[in-house]
Amino acid sequence: MEYLFDLNFQLLHDAVLLAISIFVLFLALSYLLFNPVRKMLYDRQRKIQGDIDNAKTDKEKAAAMKAEYEEKLRNADKEVEAILSEARQKALKNEAHIVDEAKQEAARIIQRANEEARLEKNRALDEMKQEMITVASMMAAKVVAASIDTTVQSTLVEETLKEMGDSTWQS
């Protein structure tokens, strides 16, 4: 008997067995190969999604930190200006203090110089008086040598001192 396209039971049987074998092989490969690959792809997808989420949070944190640092920079400029202003004020106070001390020292030096000049003048007057006394003593010695008594000698000294006057002592 002739079959259409050579279809016989053996061929049909082999075709059915081949289909069942392929189906079983597909199930076995699905269980052994496709499911682990699907699981790996699912895990990879979750990991990538987690990395994306982490990147978003990191980006938000970076933006927040950037804003914070920019604020700190603005505040740092203000702090620098405040510190410089305070330093200028301290410098002005120190300058005024140093100028006051210099004026006080100059006043003390002038006062000391005036005092020294006054003392020098008094010392010169005393030296002049001593010189006058020496001159008067020598004159008295000559008067004594000339046999003049002490009353005449004292009147001569008094007259001499009166003639010289206070203006002679002070110049």
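Mentor: Start with Arg88, which counts as partly exposed because its relative accessibility is 48%. Keep in mind that the model is predicted.

Trainee: What makes 48% partly exposed rather than exposed for Arg88?

Mentor: Exposed requires over 50% and buried requires under 20%, with partly exposed in between. Arg88 has 48%, so the label is partly exposed.

Trainee: Which residue does the side chain of Arg88 meet in a salt bridge?

Mentor: Glu81, at 3.8 Å from N to O. Glu81 has 44% relative accessibility and therefore also counts as partly exposed.

Trainee: Why is 3.8 Å called a salt bridge for Arg88 and Glu81?

Mentor: The rule asks for a side-chain nitrogen of Lys or Arg within 4 Å of a carboxyl oxygen of Asp or Glu. The value for Arg88 and Glu81 is 3.8 Å, so the pair passes. As background, side chains of opposite charge can pair when their charged atoms come close.

Trainee: How many salt bridges does this rule give?

Mentor: The count comes to eleven. Among them is the one between Arg74 and Glu71, with the closest N and O atoms 2.8 Å apart. Arg74 and Glu71 are both in helix H1, three residues apart, or about one turn of the helix.

Trainee: Which residues are linked with Glu105 in a network of salt bridges?

Mentor: Arg108 and Arg112. The side chains of Glu105 and Arg108 meet at 2.5 Å, N to O, and the two residues lie three apart in helix H1, about one turn. Glu105 has a relative accessible area of 32%, so the label is partly exposed; Arg108, at 40%, is partly exposed too.

Trainee: Why is Ser30 called buried?

Mentor: Its relative accessibility is 14%. The limit for buried is under 20%, so Ser30 qualifies. Ser30 belongs to helix H1, and beyond its neighbours within four places in sequence, Ser30 is in contact with Asn35, Pro36 and Arg38. For the whole protein of 171 residues, 5% count as buried.

Trainee: How many aromatic pairs are counted?

Mentor: One. The pair is Phe26 and Phe34, with ring centres 5.9 Å apart and planes at 55 degrees, so it is tilted.

Trainee: Why is 55 degrees called tilted for Phe26 and Phe34?

Mentor: Centres must lie within 6.5 Å; planes under 30 degrees apart are stacked and those over 60 are edge-to-face. The Phe26 and Phe34 planes are at 55 degrees, which leaves tilted. Phe26, at 47%, is partly exposed, and so is Phe34, at 33%.

Terms used. Residues numbered from 1 in each chain as written. Predicted model: local features only at pLDDT ≥ 70, side-chain atom pairs only at ≥ 80, totals over all residues. Heavy atoms only, no water. Helix = DSSP H or I, 4+ residues; strand = E, 2+ residues; numbered from the N terminus. Buried < 20%, exposed > 50% of the residue type's maximum accessible area, 1.4 Å probe, protein only. Contact = heavy atoms within 4.5 Å. Phe/Tyr/Trp six-rings, centres within 6.5 Å; stacked < 30°, edge-to-face > 60°.
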